[in-house]
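Here is a friendly set of questions and answers for anyone meeting this structure for the first time. Have a look at it, then read on.

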Amino acid sequence: MFNWFKTFNVTILDEKWTIVKDNVKIKFIPRTHELIFLEDDNKYYKVINVIYNIKNGQDAYIVIEQYTDDVGLIEKKIN
């Protein structure tokens, strides 16, 4: 059975493996090639890889890169 109230503590890394955000609580771990939005930077990031460490509990590391909107998928806000 799926627990709707369970959260995961993840660490977000950039493509050079430096920590972008630590101890981020999320309900769903994103899959590879999905986009995530970080409110601190107000930017979208593409998930490159998800790494699990099951030796010390269940830690997850999400490797991201900045998303460039070449195709125009993200609508620009008009003020």
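**Salt bridges**

K21 forms a salt bridge with D40, and their closest N and O atoms are 3.1 Å apart. This is a predicted model, in which local features need pLDDT of at least 70 and side-chain atom pairs count only at pLDDT 80 or more, while totals for chains, interfaces and linings use all residues. Residues are numbered from 1 along each chain as its sequence is written, and side-chain values use heavy atoms, with hydrogens and water left out.

Q: How many residues apart in sequence are the parts that K21 and D40 tie together?
A: K21 lies in strand β2 (residues 19-26), while D40 sits in the loop between β3 (35-38) and β4 (43-53). Strands here are DSSP runs of E with at least two residues, numbered from the N terminus. The pair therefore ties together parts whose separation in sequence is 19 residues.

Q: Is D40 buried or exposed?
A: Buried means under 20% relative accessible area, exposed over 50%, and partly exposed in between, with a 1.4 Å probe and protein chains only. D40 has a relative accessible area of 60%, so D40 is exposed.

Q: How many salt bridges does the rule give?
A: A salt bridge is a side-chain nitrogen of Lys or Arg within 4 Å of a carboxyl oxygen of Asp or Glu. Besides K21 with D40, R31 forms a salt bridge with E34, with the closest N and O atoms 3.9 Å apart. By this rule the count is two.

Q: Which residue in β2 stands opposite V10?
A: Strands of a sheet pair through backbone hydrogen bonds, either parallel or antiparallel. Strand β1 (residues 8-13) and β2 pair in the antiparallel sense over five bridges. Opposite V10 stands V24.

Q: Which residue in the hairpin of β3 and β4 takes a positive phi?
A: β3 and β4 pair in the antiparallel sense over four bridges, and I36 has Y45 in β4 as its bridge partner. The hairpin has four residues between the strands. The residue with a positive phi, near 60°, is N42.

Q: Over how many bridges do β4 and β5 pair?
A: Strand β5 covers residues 59-66 and pairs with β4 in the antiparallel sense. K46 stands opposite E65 in β5. The number of bridges between β4 and β5 is eight.

**Aromatic rings**

Q: What is the angle between the planes of F37 and Y44?
A: A search of the whole structure finds one aromatic pair. F37 and Y44 form this pair, with 5.0 Å centre to centre. Rings of Phe, Tyr and Trp (its six-membered ring) pair if their centres lie within 6.5 Å; planes under 30 degrees apart count as stacked, over 60 as edge-to-face and the rest as tilted. The F37 and Y44 pair is tilted, and the angle is 55°.

Q: Is Y44 exposed, partly exposed or buried?
A: Y44 has its place in strand β4. Its relative accessibility is 33%, so Y44 counts as partly exposed.

Technical notes. Two strands pair if DSSP finds at least two bridges between them.
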